Amino acid sequence: MKTIALLGNPNSGKTSLFNVLTGGRQHVGNWPGVTVEKKEGFVMLGHERFHLMDLPGLYSLEPDSPEQKLAGDYLLKEKPALILNIVDASNLERNLYLTLQLRELNMPMIVVLNMMDEVEKQSIHIDAEQLSKMLDIPVYAISATKKHGLRELTHAMHKHMDMPTPKTFSLACGSCSLCKKGEQRYRLVEHMVSACQHTEISQQKQSRTTWLDKILLNRVLALPIFLLIMYAIFTLTFEIGSGLVSGFLDGFLNITLRDGLSSWLTFLAAPAWLISLLCDGVIAGVGTILLFLPQIALLFFFLSLLEDSGYMARAAFMMDKIFSVFGLSGSSFIPLMMGFGCTVPAVMACRILGNERDRKLTILLAPFMSCSARLPVYALFAGVFFKQNQGLIVFSLYLLGIVVALLSALILSKTVLKSKGSGFVMEIPPYRLPQLRNMLLHTWEKVKGFVIRAGTVLLIASMVVWFLQSFSTSLIMVTNGNESILAKLGGIIAPIFAPLGFGTWQASTALLTGVAAKEMIVSTLAVVSGAGSASPVMMVSQMFSPLTSYVFMAFSLLYMPCLSTIVTMRKELGSRKWTLFGLGYSFVVAWVISFIIYQAGLLLKL
Amino acid sequence: MKYTKGNLYQVISVDDKHPASKRLVEMGFTEDVVFLVEKTAPFGDPLMIHIRGYHLALRRRDLQAVHAKPCLQKGATA
């Protein structure tokens, strides 16, 4: 099957076009570098199926970051049948630089002028025919989000697939190494732009981006607004989310479903172990996690809003100076911010960092950002012990994660990952009105992933935990959890946590299973409490004090990341040594900080 | 070179020994181009530059690779 490769500058709309052409649902955002891995799909042209390849965006074929290298390497090695060069027509001059480089390869190629709707709004006219003549390859004008010009494009793609390679095209000065090719290319680009692009003289009204930036990037207001936005996202997520939870879902799950199923099964004279497995294992373990779906959905929705509007890149711009104090650059802000959603995509997004050392460091820090899977843990404990100021307590944990990440950056960049003075060069995209469909789609994909995980990994893990805590070492079903296999196992590692104030086998096993997935901490507590008392809430309130519950939350936040993250870290770091270092480091940090909080709390008689 | 917010500058040359030079040329800093220093971040660094019709965030230190002169007339490209 023949392959068509999508190439273009970051944030020029490659993934939007890819989704439109393939009917796919890849994530689209409004910051340079959303696509970090090549993505494949199929497109029907006429009666023939073609392979369509969405590659990470690049500014130049001489790239300096791993994800840009991927695109360049792919092109030179795989030799696709057709290059589809997506050009952001509202940013023609800079985009055509890569077009020229691609054109110099003399491979079959079509230039696609995307975002033509925005161009027209700005009263700019682009002569596609003229550009086509100058480049000596076909040029088509489209708008991928508005779905304009797509039929003509697909038609042309089919037609040009088997065209002979275009005429050789090279810069006037050939390939001598002395002259400056970059400068030469831009001279040619300037020439092309002045011949093809005409702006109407009519008084242009101030663009949306200009006036929004006057406020949002105002020297004085920028930071307060930034903090306000972060705070609003956080409170909205937590308040609305937990409102929905405690009211409706909880009652439904624990009363209607659990008690109903239990009495129905008893009525049917089902064996006791089966009732226990379903009610105390499955519903308690999986159901408790599903309670937090509203929060997780809201969080991803807001993150998607930040990404799509273009604010994320501006936040990176604002944070650069602070980050530079800690040996990082503003580019690290985006992956770290994504870490509030899920650490796995956050670790992958570190590929936007051009510099190897910055990338490594940011990967090691990402797990400290409190991901959405930690929310259930906070909600359970803060709900029991800090009813009055739940929001504040949870906010302090997020803050703790950030502070630990920044201090770790400082420590690591003074020791094992010395800074070589990395730079910060980042395109700031225009503000765009987020498309509701795109945001909902993104949120839905994340929620779906979460539900699938609850139905598979967490379901099995909950059943295993139920088994281990319902049977003794001689495989006899026990009524007292203290005689179970789990109690024995947890008892072995419990002494490690004793100095932190929660050296019980229940807490230890919860933390142990939490490595599989952080939500398992809550699942395990729910399952463990199921057989004995009534609910995880009651058990937690007996087993913890306000102080130890806070220490437990802090420890849950900071200690080892979950299994999926560990696997992703191993892949992205490309080194077992660094992965193990990251795991060991986070465990030690978690222990030390929890110890400090606990001892300080004891001293203050909290 | 000290860059001030709100001023236009014209590139004289890019120091190709500077580590950021390659990236800067790719992003459009070439001879004679006029750029505008649009904004400074809340803490004074980095700068937001308007060049070749788009916005670019850049640290002052990276901009040291660019030799430029203040330019009073608004150029066609800025």
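The talk below takes the labels used for this predicted model in turn.

Visitor: Why is A:Leu17 called buried?
Guide: Buried means under 20% relative accessible area. A:Leu17 has 0%, so A:Leu17 is buried.

Visitor: Where does A:Leu17 sit, and what does A:Leu17 touch?
Guide: A:Leu17 belongs to helix α1 of chain A, residues 14-22. Beyond its neighbours within four places in sequence, A:Leu17 has contacts with A:Leu6, A:Leu84, A:Ile86, A:Ile142, A:Ala144, A:Leu150 and A:Leu153. The C-alpha atom of A:Leu17 is 60 Å from that of A:Ile476, and 459 residues separate the two along the chain.

Visitor: What makes A:Val220 exposed or buried?
Guide: The cut-off for exposed is over 50%. A:Val220 has a relative accessible area of 64%, so A:Val220 is exposed. Its place is the loop between α8 (208-216) and α9 (222-267) of chain A.

Visitor: How do you know that the buried residues of α8(A) line one face of the helix?
Guide: The buried residues of α8(A) are A:Thr209, A:Asp213 and A:Leu216. Seen down the helix axis, these buried residues fall within an arc of 75°, so they line one face. As a general point, an α-helix has 3.6 residues a turn, so residues three or four places apart point the same way.

Visitor: What makes A:Cys350 buried, although a loop holds A:Cys350?
Guide: A:Cys350 is at 0%, so A:Cys350 counts as buried. The loop runs between α14 (343-349) and α15 (356-365) of chain A. Apart from neighbours within four places in sequence, A:Cys350 is in contact with A:Pro335, A:Arg359, A:Thr362 and A:Ile363.

Visitor: Which residues have the most contacts inside the largest nonpolar core?
Guide: They are A:Tyr311, A:Phe333, A:Tyr378, A:Phe381 and A:Phe502, in a core of 130 residues. Helix α17 of chain A (residues 390-414) gives the largest share, 10 residues. Another core of 37 residues lies apart, and includes A:Val111, A:Ala128, A:Leu135 and A:Val193.

Visitor: What does A:Tyr311 touch?
Guide: Not counting residues up to four places away in sequence, A:Tyr311 touches A:Leu216, A:Ile225, A:Phe226, A:Ile229, A:Leu306, A:Met318 and A:Tyr431.

Key. Residues numbered from 1 in each chain as written. Chains lettered and ligands numbered in written order. Predicted model: local features only at pLDDT ≥ 70, side-chain atom pairs only at ≥ 80, totals over all residues. Heavy atoms only, no water. Core = buried A, V, L, I, M, F, W, Y, C linked by side-chain atoms within 4.5 Å. Buried < 20%, exposed > 50% of the residue type's maximum accessible area, 1.4 Å probe, protein only. Helix = DSSP H or I, 4+ residues; strand = E, 2+ residues; numbered from the N terminus. Contact = heavy atoms within 4.5 Å. Arc of directions from axis to C-beta.
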